[in-house]
Amino acid sequence: MTRIIAIANQKGGVGKTTTSINLAAALAEQGRRVLLIDLDPQGNATMGSGMAGTEQGLYEVLLGDQDAQKAVGRAACGYDLLASHEDLSGAEIELAQATGRERRLQNALTPLRGSYDYIYIDCPPALSLLTVNALVAADAVLIPMQCEYYALEGLTALLGTVRRVRAQLNPNLTIEGLLRTMFDPRNGLAIEVSEQLARHFGSQLFQTIIPRNVRLAEAPSHGVPVIQYDRTSRGAQAYLALAAEILAREPPPVAGEADA
């Protein structure tokens with residue numbers, strides 16, 4: 001059963017794209033069918049997947065000029081990608097007066113349900129029409145965040161947005177989990193904020209912690225996930241652990257499915 005997960009945080013620079021690329025790659029490596037959607041007009045997930053220059057992508061899909069199935073491409077790292085390019089920044093203006101504008105992505109993804117185990121949506125760092133589209137289309141939200149004071153304020157704002165979307169547009173939207181990123185264990189404030197998150201969110205907080213790691217920063221310039229760039233790095237090992245944590249949450253197969 002397909003899970004659609006929006007990777008979102010209204011604060012920029014918290015590791016959304018890094019998480020999107022590396023989690024998609026780690027799950028694909030484990031045999032899961034994964035689609036990554038680059039919903040950020042900056043197109044960083046597209047570039048980090050080695051797919052820069054793709055002509056047909058999410059912009060054409062949202063405007064109804066292309067079917068999502070035809071716009072999907074295969075990244076060399078094992079997952080499928082619905083790419084972004086700079087024209088996506090104009091989609092919000094073009095859709096502003098469109099009927100059902102908040103459900104464009106949801107409608108586009110409906111034919112893809114069943115073709116994938118996981119669909120991840122890399123959201124832009126803002127509460128925009130694009131982000132609302134992701135939250136309406138998604139089953140759950142994965143929230144990457146740094147363990148710092150301003151990140152807590154951003155988290156409060158995002159949770160408020162999730163509540164409003166749940167009340168008005170997507171009553172089934174849940175929190176997939178909070179992911180601590182760019183973590184430096186030498187930083188006392190980071191440790192304090194991490195402990196606060198553990199107290200307040202309990203099981204909603206992923207046990208895996210993504211460290212600050214230079215290999216994570218270097219991999220996008222090579223157009224590959226860190227697990228291909230340097231599998232032995234702390235960053236790669238952390239995302240492999242996160243994928244294992246997510247796979248451990250999967251429900252057991254229904255009797256008969258395992259033999260199908």
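Seven bridges join strand 6 to strand 7 (residues 174-183), and the two strands run parallel. The model is predicted: local features require pLDDT of at least 70, side-chain atom pairs count only at pLDDT 80 or more, and totals for chains, interfaces and linings use all residues. Residues are numbered from 1 along each chain as its sequence is written, and side-chain values use heavy atoms, without hydrogens and water. Strands (E, at least two residues) and helices (H or I, at least four) are DSSP runs, numbered from the N terminus. Two strands are taken as paired if DSSP finds at least two bridges between them.

Strand 6, helix 8 and strand 7 together make a right-handed β-α-β unit. A crossover is right-handed if, with the strands pointing away from the viewer, the path from the first strand over the helix to the second runs clockwise.

The bridge partner of G73 in strand 4 is L81.

Strand 6 (residues 140-146) is mostly covered, with seven of its seven residues buried. Buried means under 20% relative accessible area, exposed means over 50%, and partly exposed lies in between (1.4 Å probe, protein chains only). In a regular strand, side chains alternate between the two faces of the sheet. Both faces of strand 6 are covered. On one side A140, L142, P144 and Q146 are buried; on the other, V141, I143 and M145 are buried.

Strand 7 holds M182. This residue is not a glycine, yet M182 has a positive phi of about 50 degrees. M182 counts as partly exposed, at 29% relative accessibility. The loop between helix 8 and strand 7 contains N172. N172 counts as exposed, at 60% relative accessibility. N172 and L205 are 33 residues apart in sequence; C-alpha to C-alpha, they are 20 Å apart in space.

Helix 8 (residues 149-168) includes Y150. Y150 is exposed, with a relative accessible area of 56%. Y149, Y150 and L189 make a nonpolar surface patch of about 360 Å². Accessible areas come from the Shrake-Rupley method with a 1.4 Å probe, and for residues only the protein chains shown count as cover. Patch residues have over 30% relative accessible area and no salt bridge; nonpolar side chains (Val, Leu, Ile, Met, Phe, Trp, Tyr) are joined within 5 Å, and like charges within 9 Å. A salt bridge is a side-chain nitrogen of Lys or Arg within 4 Å of a carboxyl oxygen of Asp or Glu.

A search of the whole structure finds zero disulfides. A disulfide is a pair of cysteine sulfur atoms within 2.5 Å. For C77, the closest cysteine sulfur is that of C123, 19 Å away, which is too far for a bond. C77 is buried, with a relative accessible area of 9%. C147 also counts as buried, at 7% relative accessibility.
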